[in-house]
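This report describes the helix packing, the overall dimensions and a few individual residues of one protein. Please read it with the sequence and the structure at hand.

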Amino acid sequence: MSFFDYLQISIAVILLCVIATKAIYLRVVTGVNPIVVGRGKGTWRIVEILSLGSLLLWITEVVLHAVHSRYDIFPQKVNVALLSAAAVKIAGVVLVSLGLITFILAFLNFGNSWRIGIDRKKPGALVTKGIFSITRNPIYLAFDLLSLGMFLMNGTWFFLIFALLAAVACHFQILREEEFLRRQYGQEFEKYCKQTARYIIW
């Protein structure tokens with residue numbers, strides 16, 4: 001196993017640990033279940049469940065691919081030859097590192113308002129400080145950086161397709177959440193939108 005393999009395994013473990021720790025903390029301390037995926041109506045309910053399942057599939061594939069398991073869900077039959085250079089892999093390391101830092105900062109700054117999905121019953125306070133003063137969607141930005149970085153490090157079609165689909169899915173979820181936040185927080189959210197970009201410069 002190479003440095004890149006160990007890094008990918010470490011990132012997968014950190015992601016799962018951060019999410020699990022935050023979910024357990026909120027459940028025990030506040031009594032709020034922060035995982036509200038699947039509570040939507042109609043098509044969005046299915047989309048939310050499929051998105052969560054895809055994320056778990058991606059994490060599983062990251063680990064299996066890193067340990068070079070023969071039980072790899074998507075065997076590396078097709079490599080993108082242009083992305084096998086060391087410089088490209090290093091660029092991937094930079095992106096996943098930035099993604100992981102952004103992800104952890106978002107969880108720290110989110111406080112008790114963090115949710116997976118849209119919580120219409122107990123949404124929590126609007127968070128605008130810390131990393132949220134730089135981007136309104138640090139967790140989605142983090143996933144975009146992580147998925148793109150993983151593709152650069154691995155160079156397979158699976159990671160490329162996942163990175164593209166993840167970026168599209170995250171953007172539509174952001175638009176959906178913005179609609180909810182406008183109804184929930186009104187002028188406070190509108191003011192926040194004028195001060196802070198959806199991503200970084202847009």
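In the contact between H4 and H5, Tyr-140, Asp-144, Ser-147, Leu-148, Met-150, Phe-151 and Asn-154 of H4 meet Phe-159, Leu-160, Phe-162, Ala-163, Ala-166, Ala-167, Cys-170, Gln-173, Ile-174 and Glu-177 of H5, where contact means heavy atoms within 4.5 Å. Sorted by class, this contact comprises 12 nonpolar, three polar and two charged residues; Ala, Val, Leu, Ile, Met, Phe, Trp, Tyr, Cys and Pro count as nonpolar, Asp, Glu, Lys and Arg as charged, and the others, Gly among them, as polar.

The model is predicted, so that local features need pLDDT of at least 70 and side-chain atom pairs count only at pLDDT 80 or more, whereas totals for chains, interfaces and linings use all residues. Residues are numbered from 1 along each chain as its sequence is written, and side-chain values use heavy atoms, with hydrogens and water left out.

Helices here are DSSP runs of H or I with at least four residues, strands are runs of E with at least two, and both are numbered from the N terminus. The protein has six helices and zero strands, and its elements follow the order α-α-α-α-α-α from the N terminus on. Its radius of gyration is 18 Å, close to the 17 Å that the globule rule gives for 202 residues, so the protein is as compact as a globular protein of that length; the radius is taken over C-alpha atoms, and the rule is 2.2 Å times the number of residues to the power 0.38. Along the principal axes, the C-alpha atoms fill a box of roughly 50 × 35 × 30 Å. Of the contacts between residues at least 6 apart in sequence, 75% join residues at least 24 apart.

Two packed helices are described by the angle between their axes and the distance between the axes. The axes are lines fitted to C-alpha atoms, for helices over the stretch in contact, and the angles run from 0 to 180 degrees between N-to-C directions. Two pairs are set out below.

| Helix pair | Angle | Axis distance |
|---|---|---|
| H1 (residues 3-29) and H3 | about 15° | 11 Å |
| H4 (residues 138-154) and H5 (residues 157-185) | roughly 175° | within 9 Å |

H1 and H3 are therefore roughly parallel to each other, while H4 and H5 are therefore roughly antiparallel; angles under 35 degrees count as roughly parallel, over 145 as roughly antiparallel, 65 to 115 as roughly perpendicular and the rest as oblique. The residues in the contact of H1 with H3 include Leu-15 in H1 and Leu-100 and Phe-103 in H3, and the residues of this contact divide into 15 nonpolar, no polar and two charged.

Leu-15, which lies in helix H1, is buried, with a relative accessible area of 1%; buried means under 20% relative accessible area, exposed over 50% and partly exposed in between, with a 1.4 Å probe and protein chains only. Not counting residues up to four places away in sequence, Leu-15 touches Trp-58, Leu-100, Phe-103 and Leu-146. The C-alpha atoms of Leu-15 and Leu-100 are separated by 8.0 Å, although these residues are 85 residues apart along the chain. Leu-16, also placed in helix H1, is partly exposed at 41%.

His-68, in the loop between helix H2 (43-66) and helix H3 (86-110), counts as exposed at 54% relative accessibility. Its phi is near 55°, a positive value in a residue other than glycine.
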